[in-house]
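Here's a quick walk through the fold, one piece at a time. Have the model open as you read.

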Amino acid sequence: MSKDERRAEIIQTAADLFEKMGYSGASMDDIAAAVGIGKPTLYHYFRSKSELLWYMHEELIDGLIASHRARLARGVAPEELLRGVIHDFLLNIATRRGQCRVFFENHRELPDADLAVATEKRVRYEAMIEEVIRDGIAAGVFRQVDTKLFSLAIFGMSNWAYQWYHSDGRFTHDEIADAFWDYAYRGLMP
């Protein structure tokens, strides 16, 4: 197993433990045991639990930004950009539930320097989504709304799904994302 593969395994295992035990409840001992490595080996990959939190945050936010930028580069229409944003959230929740939980609940526990970077990326991503709504309004695709408030509504609706979504539930993550997009799009229609 390569170093990158081992790091990914540690991140996934830690995220699963954080989902079950909470970020504060899971220790580096717990993570090492769950991965099946010694604690000194774990420290070879991550110096601390907060560093693990940092990598989880960065992986999620960087992925969201990259996915959005890829759609922008393809010239996707505003309504489809918004659909993609919602799908990104629900896909992450479906495939990285524990990582999403710590992303939403524990990012403020990052060390100050990391928190500043994390906050800047979150603000940048939020601004990107507001820009989608502004562009849709300018194109006449969306009605006039407060872009900040509407983007927060999108985030709240989509992100909160980590609290209740289960893969064996009534709807798939794609069905939920499509329903959320439909609610948002109908709310934005001129």
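## The chain as a whole

Of the contacts in the protein chain with a separation of 6 or more, 70% are between residues 24 or more positions apart; contact here means heavy atoms within 4.5 Å. This is a predicted model, where local features need pLDDT of at least 70 and side-chain atom pairs count only at pLDDT 80 or more, while totals for chains, interfaces and linings use all residues. Residues are numbered from 1 along each chain as its sequence is written, and side-chain values use heavy atoms, with hydrogens and water left out.

The protein chain has nine helices and zero strands. Helices (H or I, at least four residues) and strands (E, at least two) are DSSP runs, numbered from the N terminus. Along its principal axes, the C-alpha trace spans about 60 × 40 × 30 Å. Buried residues are 45% of the 190 in the chain, where buried means under 20% relative accessible area, exposed over 50%, and partly exposed in between (1.4 Å probe, protein chains only).

Helix 1 covers residues 3-21, and its 19 residues should span 27 Å at 1.5 Å a residue; the end C-alpha atoms are 26 Å apart, which agrees.

Which residues of helix 1 are buried? They are Arg7, Ile10, Ile11, Thr13, Ala14, Ala15, Leu17 and Phe18. The buried residues of this helix pack against helix 2 (28-35), helix 3 (39-45), helix 4 (49-73) and helix 6 (97-105). Take Thr13: its relative accessible area is 17%, so Thr13 counts as buried. Leaving aside residues up to four places away in sequence, Thr13 touches Ile31, Ala34 and Val35.

## Helix 4 against helix 7

Helix 4 and helix 7 (residues 112-138) pack at about 25°, their axes 11 Å apart. Axes are lines fitted to C-alpha atoms, for helices over the stretch in contact, and angles run from 0 to 180 degrees between N-to-C directions. The two helices are therefore roughly parallel; the cut-offs are under 35 degrees for roughly parallel, over 145 for roughly antiparallel, 65 to 115 for roughly perpendicular, and oblique for the rest. The crossing is left-handed, a label used if the near helix is turned anticlockwise from the far one by less than a right angle, with clockwise being right-handed.

On the helix 4 side, the contact includes Trp54, His57, Glu58 and Ile61, and on the helix 7 side Asp114, Val117, Ala118 and Lys121 are among the residues they meet. By class, the contact has eleven nonpolar, two polar and seven charged residues. Here Ala, Val, Leu, Ile, Met, Phe, Trp, Tyr, Cys and Pro count as nonpolar, Asp, Glu, Lys and Arg as charged, and the others, Gly among them, as polar.

## Val85 in helix 5

Val85 sits in helix 5 (residues 78-95). Is Val85 buried or exposed? Val85 is buried, with a relative accessible area of 1%. Beyond residues up to four places away in sequence, Val85 touches His68, Arg71, Tyr125 and Ile129. Val85 and Arg71 are 14 residues apart along the chain, and their C-alpha atoms are separated by 9.6 Å.

## Helix 8 against helix 9

Helix 8 (residues 147-159) and helix 9 (residues 173-188) pack at about 160°, with axes 11 Å apart. That makes helix 8 roughly antiparallel to helix 9. Their crossing is right-handed. Phe150, Ile154, Met157 and Ser158 of helix 8 make the contact with Phe180, Tyr183, Ala184 and Leu188 of helix 9. This contact has seven nonpolar residues, one polar and no charged.

Conventions. The expected span of a helix is 1.5 Å times one less than its number of residues.
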